[in-house]
Amino acid sequence: MHPNNSTPPAEGCIDTEVVDGILLIGINRPAKRNGITPVMLRQLAEAYTRLDDDPALRVGLLYAVGEHFTGGMDLPALAEYQKRGERPVPRDQNLVEAHDLGLPGYRRRNKPVVAAVKGICFTVGVELMLAADMVVAADNCRFTQMEVGRGIMAAGGATMRMAQRCGPGNALRLLLTGVEFDSAEALRLNFVQKIVPAGMEFSEALSMARRIAEQAPLAVIATRLNLRKAIEEGPLAAVAEILEVQKRLSASEDAAEGRNSFIERRAPVFTGR
Amino acid sequence: MHPNNSTPPAEGCIDTEVVDGILLIGINRPAKRNGITPVMLRQLAEAYTRLDDDPALRVGLLYAVGEHFTGGMDLPALAEYQKRGERPVPRDQNLVEAHDLGLPGYRRRNKPVVAAVKGICFTVGVELMLAADMVVAADNCRFTQMEVGRGIMAAGGATMRMAQRCGPGNALRLLLTGVEFDSAEALRLNFVQKIVPAGMEFSEALSMARRIAEQAPLAVIATRLNLRKAIEEGPLAAVAEILEVQKRLSASEDAAEGRNSFIERRAPVFTGR
Amino acid sequence: MHPNNSTPPAEGCIDTEVVDGILLIGINRPAKRNGITPVMLRQLAEAYTRLDDDPALRVGLLYAVGEHFTGGMDLPALAEYQKRGERPVPRDQNLVEAHDLGLPGYRRRNKPVVAAVKGICFTVGVELMLAADMVVAADNCRFTQMEVGRGIMAAGGATMRMAQRCGPGNALRLLLTGVEFDSAEALRLNFVQKIVPAGMEFSEALSMARRIAEQAPLAVIATRLNLRKAIEEGPLAAVAEILEVQKRLSASEDAAEGRNSFIERRAPVFTGR
């Protein structure tokens, strides 16, 4: 399938569309290499919030319209907002959840997101990718995290997430030199999970998202949150909740369906109950 | 050498045998692809407990009889136990130590374990492998962590251990899609340390275990526990104990033997004192 | 360029030299394969301290004179010191900062260090490399962390740093067997960031250091410290300071230079203010 995309206004937009329980989230401002404006940030936050709030949605798929994922934040547009003292995103939505940073006062994201990246993927593009749960990359990606060359810090999660994936040595090389890297290097550094020929990244990400959507939704969320707890609070905090979480899941209708479908040698049909 | 294996009862068993200070621990129920029963869980816990308690033992080697490591838990047999309100393993033994999870009330494991995996290695098989200290894999392995397809969570450590080895992106892909992966992928993800042609995994794991058994036992345990402390409590907690641990080790007979053998240009003979 | 090296005394020395804001730090005792003496430890601590204290310095480059990085500590010389109850390095200097361990009472290092390793790189050599921010390796390296074969523990950071880079399985294999590994394996394990033909490692490390020296100094330090906070205290502690750090950086002269140079399409010139 191909997503249905709108013709975006000058300040860009985020397209959303639901396919088989998957929320497609499209970054849409190709005339400006998908440079992200405050309006797009807000719409991105709304999409992530909707993903969590709608029980019919099981997984998100973040992708981009046009040749490139994103050239980064549209800094002049953002500066306008900040000059007026406005926040692009209210605290009860999860922009920061788009980045999944867990800042105090912001909502966290529960449901998984698959990202499909391609072409230019600079600064906030790398951080949106790292904040996703898993990533399919076209083979033509150009990544860079070059904030130190602008006098600022990468503030969207790269300082926390890169080293988790590739160790501090590789992470510091990227963060302190701002060097550009490609899809093969992103795979080697565990930033992306799969590389496909350019043009195939959306369909490959969709098939990954479909596979997640077929699993038991409560188990998917519980697994994701337990892994995140291990990362954020340490493995012992994650262990401490395992028996209780498993007991709750085992009592669900979906666990019964899991057992029955296994005995009956058929594919399970999960409801999220 | 080849381990001496018994003909197992229908519910399977864990074979143990000591070779040069190495405790061989064999999963033995090949007629059922080594599906793990409550009896086997208890015997596994007893083997790990013995490994720690017997001062003559320096390292364990976990392997499997037959073509496959394990197809996973024997869920019907386990459900029987749980229905009767029984625990397969008393709290003072280290079943959970087989998984090495550190649940409150369970003993932790101090001594290292090398695992040799081959063929089918599903669910708890992956988690036993991840709970080992290092792993040799046959080149024919089929791994999967597919609990979300049964409506439950992987509860034996995968949610804590996978991301430590390969980052959250790769870990979430395996955990949330349940996709099968092979030996080469397990090496790439740092789940296994070495791949050998099928049939060679036991002898390769044995030679790795022999090499550990030749090192100073107190230093091996202290090194292992300091690394684990860094993972569980953070690097600063691990740093805080280094000087004290090193002072204790430096005063040991084995440290003197280490110095003397170095000066005398001969192989050291360590006693664990 | 080639660094200017002195003819070292029998107990060795650490050569220092400044090139374009980069402090070259040379391990100089080639007659003894750069075996590190207490005097060299103290001079190494002084060099790292100077790197942090001199505002004109932006990055350090740790390299070795001769064919080898280091054969390890000169244990007899160190034992002499310890017998007399002396510490090689006062607490207000950062020897341990050379290792960057953050022991209580010792200063931490703020500025980044690039290491260039080659030839033999044993025990403390591996740990100095892991304590650097990024590493260029000659293709002829021989690494080993063999302390357990001497009855002691690797006490210079390997137990904390290896598993961060390559996961606990790979780390425990190296630490508990003391096996030797080469440059390609060090790259695979994320210990080094780049391999070059032997003889090229200094110039490659220098060009990496130059690239860091061109970035905004306050942003480089803030990025490095935020990444380290994430590793030491967890990602939530790092997130908690991001907005404040970014606000401070955004108000700096260098952030204005970053914006202006971007608009004017020229290379920025940063001052560290």
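Here is a short tour of this predicted model, one selection at a time.

Before you click, residues count from 1 along each chain as its sequence is written, while chains are lettered from A and ligands numbered from 1 in the order in which they are written. In this predicted model, local features need pLDDT of at least 70 and side-chain atom pairs count only at pLDDT 80 or more, whereas totals for chains, interfaces and linings use all residues.

Start with chain C and its open sheet: six strands in the order β1-β2-β3-β4-β6-β9, with mixed pairing. (Strands are DSSP runs of E, at least two residues, and helices are runs of H or I, at least four, numbered from the N terminus; two strands pair if DSSP finds at least two bridges between them.) Now pick out β1 (13-19) and β9 (194-196) of chain C: these stand at the edges with a single partner strand each, so one side of each has no neighbour in the sheet.

Next, select β3 (residues 59-64) and β4 (residues 113-117) of chain C, which run parallel and are joined by three bridges. Zoom in on Leu62(C), and you'll find Ala115(C) of β4(C) opposite.

Now hop over to where chain A meets chain C: 30 residues from chain A and 41 residues from chain C take part (contact means C-beta atoms, placed from the backbone, within 7 Å). On chain A's side, colour α5 (158-177) and α8 (217-233), which each supply at least two residues.

Last stop: compare chains B and C. Only 3% of the interface residues of chain C are also interface residues in chain B, so the copies meet through different surfaces.

Key
Contact = placed C-beta atoms within 7 Å.
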